[in-house]
Amino acid sequence: MQDDDFSLFQAELRGVKPLQYDRADTGKPKADRKQFNTLRQAATISKGETKVDGLSDQFVIDVGAEDALYWAANGMQEGQMRKLKLGQIPFDGSLDLHGMSVEKARDTLWEFLAEATKLEVRCVRVTHGKAVRMDGRKPMLKSHVNTWLRQHPQVLGFSSCQAKHGGTGAVYIILKRTMMDGRDE
């Protein structure tokens, strides 16, 4: 630098104090892996309350993060299931289970489906997430949702969503309709 450039530079730095720290703040520290795994395991353990809702956890069907889910009850029309899979049946309600414990997700899903049935909603979407895990284990919530929906008395069928609605991290669910009192058939 020339002398006049250096003097201009020094003039611009007048009043600037040097930093006292030699490390950058990189944000929130990463969670301790051991603590994270302990919390994950605790989420699957029952808190002692037994709620009878017809959904069993005795046998959970493990599914992969990218596995597409599909199930139809006996007697469900193939054409309706094809439309459901293609996202051609509009969903009137949506539920996001991300970040919930297995028990909380179970209760929330049961209440959501009960409310949808009460309101005679035909199709809903439930986002369970993919939970891609580094340890190679299967996604917990996705596997449980897959198992629970097969057991629910109001569920006629379900299919993984189109990419624009969540892909393999969500499912469209088609529900039975119960005729409301006083409604013409």
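This tour moves through a predicted model, one selection at a time.

**The whole chain**

Begin with the entire chain displayed as a cartoon. It contains five helices and five strands. Followed from the N terminus, these elements come in the order α-α-β-α-β-α-β-α-β-β. The chain has 185 residues, and 34% of them are buried. Among the contacts in the chain with a separation of 6 or more, 74% join residues 24 or more positions apart.

**Helix H4**

Next, select residues 102-118, which form helix H4. This helix has 17 residues. From its first C-alpha to its last it reaches 24 Å, close to the 24 Å expected at 1.5 Å a residue. Now show the side chains of Val102, Ala105, Arg106, Thr108, Leu109, Phe112, Leu113, Ala116 and Thr117, which are the buried residues of H4. After the helix, find Glu120, which follows H4 and has a positive phi, near 55 degrees.

**Helix H5**

How many of the 12 residues of H5 are buried? The number is 10, so H5 is largely enclosed by the rest of the structure. To see them, select Met140, Leu141, Lys142, Ser143, His144, Val145, Asn146, Thr147, Trp148 and Leu149.

**Where H4 and H5 meet**

With both helices on display, examine how they pass each other. The crossing of H4 past H5 is right-handed. On the H4 side, the contact is made by Val102, Ala105, Arg106, Leu109 and Leu113. On the H5 side, Met140, Leu141, His144, Trp148 and Leu149 take part. What kinds of residue make up the contact of H4 with H5? Eight are nonpolar, one is polar and one is charged.

**Trp71 in strand S1**

Turn now to residues 70-72, which form strand S1, and select Trp71 within this strand. Apart from neighbours within four places in sequence, Trp71 is in contact with Met81, Leu149, Arg150, Val155, Leu156, Gly157 and Phe158. One of these partners, Leu149, also belongs to the H5 side of the contact with H4. Draw a line between the C-alpha atoms of Trp71 and Leu156: these residues are 85 apart in sequence and 8.5 Å apart in space.

**Phe91 in a loop**

Select Phe91, which is located in the loop between helix H3 (78-85) and strand S2 (94-96). Is Phe91 buried or partly exposed? Its relative accessibility is 23%, so Phe91 counts as partly exposed. Leaving out neighbours within four places in sequence, the contacts of Phe91 are Cys123, Val124, Arg125, His165 and Tyr172. A further C-alpha pair to display is Phe91 and Val126, which are 35 residues apart in sequence and 10.0 Å apart in space.

**Thr127 in strand S3**

For the last stop, show residues 123-127, which form strand S3, and select Thr127 there. Thr127 has a relative accessibility of 15% and therefore counts as buried. Beyond residues up to four places away in sequence, Thr127 touches Leu95, Asp96, Leu97, His98, Gly169 and Ala170.

How values were computed:
Residues are numbered from 1 along each chain as its sequence is written. This is a predicted model: local features need pLDDT of at least 70, side-chain atom pairs count only at pLDDT 80 or more; totals for chains, interfaces and linings use all residues. Side-chain values use heavy atoms; hydrogens and water are left out. Axes are lines fitted to C-alpha atoms, for helices over the stretch in contact, and angles run from 0 to 180 degrees between N-to-C directions. Helices (H or I, at least four residues) and strands (E, at least two) are DSSP runs, numbered from the N terminus. A crossing is left-handed if the near helix is turned anticlockwise from the far one by less than a right angle, and right-handed if clockwise. Contact means heavy atoms within 4.5 Å. Ala, Val, Leu, Ile, Met, Phe, Trp, Tyr, Cys and Pro count as nonpolar, Asp, Glu, Lys and Arg as charged, and the others, Gly among them, as polar. The expected span of a helix is 1.5 Å times one less than its number of residues. Buried means under 20% relative accessible area, exposed over 50%, partly exposed in between (1.4 Å probe, protein chains only).
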